[in-house]
Amino acid sequence: MSKMFFDLQDPALAAEFRASPEAVMARYPIDARVKKEILANNVPFVAARTNPYLLRYFFFTAGMKDDEFMRQLHDG
Amino acid sequence: MAELVGAFAASHGPLLVRAWDQIPAAQRTRLSAAYAELGRRIDAARPDVLVVVAPDHWANFFLDNMPAVCIGVGAENDGPPEAWMQAYPHKTLPGHPEFASHLVEQALKHGFEPSVSHRLKLDHGFCLPLWKMGLKKLPRIVPIVVNSIEPPFPTVQRCLDWGSQIRKAVQTFKKSLRVAVLGTGGLSHSIGEKTMGAIDEKLDQETIEHFSKSRASLIRFLEKKLPKAGNGTEEVRNWLLAHGAAGGRGFELVDYLSVPTVYVGCGYAAWRVTPA
């Protein structure tokens, strides 16, 4: 998962992810439960499993607003 | 002989670009003035080489290869890869292989084992302060990546010692060369953590004060405080390299302001450099 977040800093891959996240995630050995929570935008769940900066970059790339990202972090 | 002509530090943060227009006007004015003042001082120091110390925000290194310290020895490095930094005017930044290699060789002689790179991507940690400073002429940049992004991190003491190594490298470089140091990052901030958005102004003021105290006191203070602070605060390591390079004397605080819009306690400093 962290490697995918790292790779998603590439704008072309990020665009592909936004269009078809399942297709991009299928290229990485990510557990089905983790895939489900990524698709559900479950920030606290993902936060427990990656570097905080990668977490931030991923949800920024995925289009989540900072207010929502921080709310989930604070509440989670 | 080479000469150390200045040591400086400045905060960075993506929202200083992405959310610049959302920062309250009075704070924008102060931030602009602080960056400009550092730019004016660097211009006045006329460095041939600017050693810039910053973290790598996942631009070059991943978990499969995460050096504690990496020195850029290439003839040039790439500008920032971030899409929101694409207006930065330098797509490549000239390096100084001879001085950078000398820095590596001297470090190895004295018990330090840096990683080296012949071409780095210099992300916003390196380029945002250079951009905001509005330097009249970009010196040759020798980048030093110090890991403060993914633990384990080099110790506070080691970072100070790395600063001393920069100083020794200047002292032992046999050619005429004017060298300045810029550490970027900090002060307190938290990214991608439960505390994201929190700025600890008290910690920042105490940190600033401790730079004018003894080396032992500074080490004790930061080793105690950093593990409990927001993760971005770890970037103060880059200030420690500037501090060590400058001879460990206190700095002049150009400005400090807590900027909630960008989630960062923004600090700007110029050291009282003793001759190297």
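Pro152(B) sits in the loop that runs between β7 (140–146) and α5 (156–172) of chain B, with helices (H or I, at least four residues) and strands (E, at least two) taken as DSSP runs and numbered from the N terminus. The peptide bond joining Pro151(B) to Pro152(B) is cis, with omega at about 5°. The model is a predicted one, so local features need pLDDT of at least 70 and side-chain atom pairs count only at pLDDT 80 or more, while totals for chains, interfaces and linings use all residues. Residues are numbered from 1 along each chain as its sequence is written, chains are lettered from A and ligands numbered from 1 in the order in which they are written, and side-chain values use heavy atoms, with hydrogens and water left out.

Another cis peptide bond turns up from Gly186(B) to Leu187(B), where omega is near -10°. Leu187(B) belongs to the loop between β8 (177–184) and α6 (201–210) of chain B.

Positive phi values in residues other than glycine also show up in loops. For Trp58(B), phi is near 65°, and the residue is in the loop between β2 (49–54) and β3 (69–72) of chain B. Trp58(B) has 1% relative accessibility and so counts as buried; buried means under 20% relative accessible area, exposed over 50%, and partly exposed in between (1.4 Å probe, protein chains only). Over in chain A, Asn41(A) has phi near 55° and is placed in the loop between α4 (32–39) and α5 (43–47). Asn41(A) is partly exposed, because its relative accessible area is 34%.

Next comes helix packing in chain B. The axes of α6(B) and helix α7 (residues 215–225) come within 9 Å and cross at roughly 155°, which means that α6(B) is roughly antiparallel to α7(B). Here axes are lines fitted to C-alpha atoms, for helices over the stretch in contact, and angles run from 0 to 180 degrees between N-to-C directions; those under 35 degrees count as roughly parallel, over 145 as roughly antiparallel, 65 to 115 as roughly perpendicular and the rest as oblique. On the α6(B) side, the contact (heavy atoms within 4.5 Å) is made by Leu203(B), Glu206(B), Thr207(B) and His210(B). From α7(B) come Ser217(B), Leu218(B), Phe221(B), Leu222(B) and Lys225(B).

Some of those α6(B) residues come up again in the list of buried ones, which reads Leu203(B), Asp204(B), Glu206(B), Thr207(B), Ile208(B) and His210(B). The buried set packs against α7, α8, β9 (251–259) and β10 (264–271) of chain B. Lys202(B), also in helix α6, is a contrast: its relative accessibility is 56%, so it counts as exposed. The side chains of Lys202(B) and Glu206(B) are joined by a polar contact of 2.9 Å, that is, a pair of N or O atoms within 3.5 Å; within protein, one must be able to donate a hydrogen and the other to accept it, and residues adjacent in sequence count only if both atoms are side-chain atoms.

Finally, Arg237(B) is part of helix α8 (residues 236–245) of chain B. Arg237(B) counts as buried because its relative accessibility is 5%. Its side chain makes a polar contact of 2.4 Å with the side chain of Glu234(B). Leaving out residues up to four places away in sequence, Arg237(B) touches Val146(B), Asn147(B), Ser148(B), Phe153(B), Pro154(B), Cys159(B) and Leu226(B).
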